[in-house]
Every structure is written in structure tokens, then in C-alpha cells.
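Morning, everyone. One structure today, and I'll keep it short. Have a look at the screen.

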Amino acid sequence: MKYASQRVAYWYFVCAMILFGVQIAAGALAGTVYVLPNTLSELMPFNIIRMIHTNALIVWLLMGFFGCAYYLVPEEAERDIESPLLAYIQLGLLMFGALAAVIGYTQGIHEGREFLEQPLWIKIAIVVVALIFLYNVSMTVLKGRRTAVTSVLLLGLWGIAVFWLFAFYAPGNLSLDKVYWWYIVHLWVEGVWELVMASVLAFLLIKMTGVDREVIEKWLYSIVGLALFSGLLGTGHHYYWIGAPGYWQWVGSIFSALEIAPFFAMVIFAFSMVFKGRKDHPNRAAMLWSLGCTVGAFFGAGVWGFLHTLSFVNYYTHGTQVTAAHGHLAFYGAYVMLNLALISYAMPYLRGKAPYHQTLNIISFWIMSGAMMVMTFALTFAGAVQVHLQRVMGMSYMDVQDEIAPFYWVRLGSGVLVLIAALMFLWSVFGPVRDRRVAAQRKAQTAVQPAE
């Protein structure tokens, strides 16, 4: 850790991992309800469990992005954060809002728009938090060294804040509401979040591979161009069946098919930099999560997104378990793994230790990633059966759910493995670490003591 203010990132990572645990626990509970429908049916209805699962995911990923920014921006800008105090105030407000929202959901206090269920006062608080954050990182960058990494990161972070403003606009017409609703949901995860992802990966690869910065920056600009070119008009694949004009079926299909390009470019970019640079970085876990992030994003957001993004395919798959398969692997591959990569890289510096618990961290990577792939395949097969039985054969929804119940058991089992792997990861980065230097000194002192 080069700058004292980077310590702020530690507490963002701690809070993000708390909400990570809440999200996975809620997901496991939701998976249980799928196979045992009466589980906590009166105490915690399924719609509330799902609300907590999805909202905790969004908030902890954003909190992780904030932590990533507070860690990497000082190193890139070569100066301390503008105001660490404001950063801590921002964290307190964000954590309070997140916990208040969860408690409110359990009491039935929420709005009806999916992913935007937060009460109005929490939406306003999020705007305040975003303004504090953007002021802090923007002033840090403007007063320090400016690099491609911080430029792209700021573009992504400002985009997140700007598109969030559409959360306050809820027109009465349902079709119009969905048009602007997707400005947030799609243009976040398939637009500006990709800029954050690309910049953080570029930072990690610069630090771990030793490849010349100019080479990595050229790749970074290319990926950003592809992401914006395909992602903005790719929003059209959400407009197929909401009452929007028919030309969106062509626009959405063509540009959505191109959305796989930036993810494929990220895979080539990451592996090329590793092969070109050093391969012996001591933090093997961080390197593994970084490379795994590009592969997971390519398959989850790219391949699985492409599977059902063309309008004539989406006509049958829309709203089925195929969508759930894509959503789970895309979020995990692109953004969960990104945050876990930078946390794995930064925590040894933040704690003042050499890279530690590497084996446990790596095992958690393989268990979590393997379990997510099993979950994805189970949901994909469930969706294929659902499409055939429900939308081709004409069976009723509930009868089809009975037929695909075995796939839900597989999802639950894989979800439990994800939970176990997450606990392993948390222990690997936050668990106690024996100071090897002290241990070595004691061993050396013992070895030179004269025999009595």
C-alpha cells in the first residue's frame, strides 16, 4: 500500500463482503423455496427473499466498485484521496441505506419496479452517496496524474450515476416505463459497468504482469469502444415484446449479437498480457480471479446472452429459466469475479502481509466457479424443457414447473456449494494470518541458543 488513504478501501471491501454473504444466503433460501414451496412462506414470502437477493447483489457490487476505485485511483493519480473523511461518510450512508432497505422489504415497505424497489428516500440517499463519491475520485484524478485507467473508470462511474437518475422517472404508461427502466438495468450491466470492469482489469494486469502501460491502454480503449458501440443499441433486445416499434427487433438482434465482441476481446487481452509479461507474480489467487473473470464474462454475458438474444429465439425463451441461467453466470463471471480479483490483490497490501492463504483462495475459486457452471447448465436445461413444454406444447405454467423440479434440486445443491466456497474465500482474505517474518526470527533465535 503506497498511500495511507487507500486504507479506506479496506472498509468498503469488508462491508461489500457482508452484503455478499447476505446475497448468497438469500439466494440459497430462494433456491430452497423452489423445491420446498412452503419454506418460510408466512414469515418471509418468496418475493421478499428474491428482492433481498437481487438488491444485495447490486449494492455489494457497487460497494465493491467504490472500494476498487478508492484503492486504485491513488496509485494511478499518485496522490492521496481528496477526502478520506467524505469516503467514510459515504460508506456509512450507503451501508445504512442498504440495511434500512432490507429491513423495509421484510416489512413490506418497497416500490413495485423490479430492481428499483427502494423507497424514494433511499433513492435520494443513493444520489447523495454518488455525488460524494464522484467528487472525491474526480478531484483526486484531476489534481493528480491522469491515465487511461482512471479516465475510463471515471467515465463508467459517472455513467452509473447519470443513468441512476432514470430511477426517479416512472411514467404511467407501462411500455414507456419499461423503455426507461432498461436505461438503468441494461445500460448499467451491459454498458457503463463494462467500462469499470475493463479499467479495473487493466490496472490489475499492469500491476501483475509488468507489461508496458501503453500496450495495455491501447487494448483498453479498443474494448471500451466495442462495449459502447454494441451495448447502447443492444438495449433494443429488451424492447421486443413491450409495445415498442417493430424496428427494435432488427436493431436489438444485430447489436446484441455484437455484444459478445468486447467480452471476447477481454479474454484475448488478459491472456495475451499474461503470456507477454511475467508469470511468477506471488499473488496467484488474484491472477486466477482476474483471468477467470474474463472467461466467465465471455461465457456468461457473451455466449449465454447470445443464446437467446435474437428476436426469433427470444420469442420462445423470454422470461424462462434460460434468462435465469444467463443472468446468474453473467453477473458472477463479469462482476462478482472482478471484485473478488481486486480484493484478493489488494488485501495483502491493506493488511501489510505477504500474499497469504493462497491455496484456500484458489480452492474457493474452483469450487465457486464449478458450482456456478453446474447451476447455469441446470437452469439452461430447465429453460429448454420449459420452452418446449410450455410455449410449444402449450402445457400450463405450474404443470411445467413440476416437470423441471429435478433441475431446481441441482440448482439448490450448486447454490450450497457456492455458499461454502464464499465462506472459504472470506476466510482466505479476512482470516487470521501468522506473521511469517516473526515466526522465522523466533525460529532463528531458537536455533542459535546454546545448549545447556
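How many helices and how many strands does the protein chain have? There are 16 helices and zero strands. Keep in mind that this is a predicted model.

Overall dimensions next. The radius of gyration is 23 Å. The globule rule gives 22 Å for 452 residues, which is close, so the chain is as compact as a globular protein of that length. Along the principal axes, the C-alpha trace spans about 85 × 50 × 45 Å.

Now burial and surface. Of the 452 residues, 54% are buried. The accessible surface comes to about 19600 Å². Carbon and sulfur atoms account for 69% of that surface.

Let's zoom in on one helix pair. Helix α2 covers residues 46–77, and helix α3 covers residues 84–106. At what angle do α2 and α3 pack? About 175°, with the axes 10 Å apart. Anything over 145 degrees counts as roughly antiparallel. Therefore α2 and α3 are roughly antiparallel to each other.

Who meets whom? On the α2 side we have Ile 48, Met 51, Ile 52, Asn 55, Val 59, Met 63, Phe 66 and Tyr 70. On the α3 side, the residues they meet include Leu 91, Leu 94, Met 95, Val 102 and Tyr 105. Gln 90 and Thr 106 of α3 are also among them. By class, the residues of this contact split into 14 nonpolar, three polar and no charged.

That's my part. Over to you.

Conventions. Residues are numbered from 1 along each chain as its sequence is written. This is a predicted model: local features need pLDDT of at least 70, side-chain atom pairs count only at pLDDT 80 or more; totals for chains, interfaces and linings use all residues. Side-chain values use heavy atoms; hydrogens and water are left out. Axes are lines fitted to C-alpha atoms, for helices over the stretch in contact, and angles run from 0 to 180 degrees between N-to-C directions. Helices (H or I, at least four residues) and strands (E, at least two) are DSSP runs, numbered from the N terminus. Angles under 35 degrees count as roughly parallel, over 145 as roughly antiparallel, 65 to 115 as roughly perpendicular and the rest as oblique. Contact means heavy atoms within 4.5 Å. Ala, Val, Leu, Ile, Met, Phe, Trp, Tyr, Cys and Pro count as nonpolar, Asp, Glu, Lys and Arg as charged, and the others, Gly among them, as polar. The radius of gyration is taken over C-alpha atoms; the globule rule is 2.2 Å times the number of residues to the power 0.38. Buried means under 20% relative accessible area, exposed over 50%, partly exposed in between (1.4 Å probe, protein chains only). Accessible areas come from the Shrake-Rupley method with a 1.4 Å probe; for residues, only the protein chains shown count as cover.
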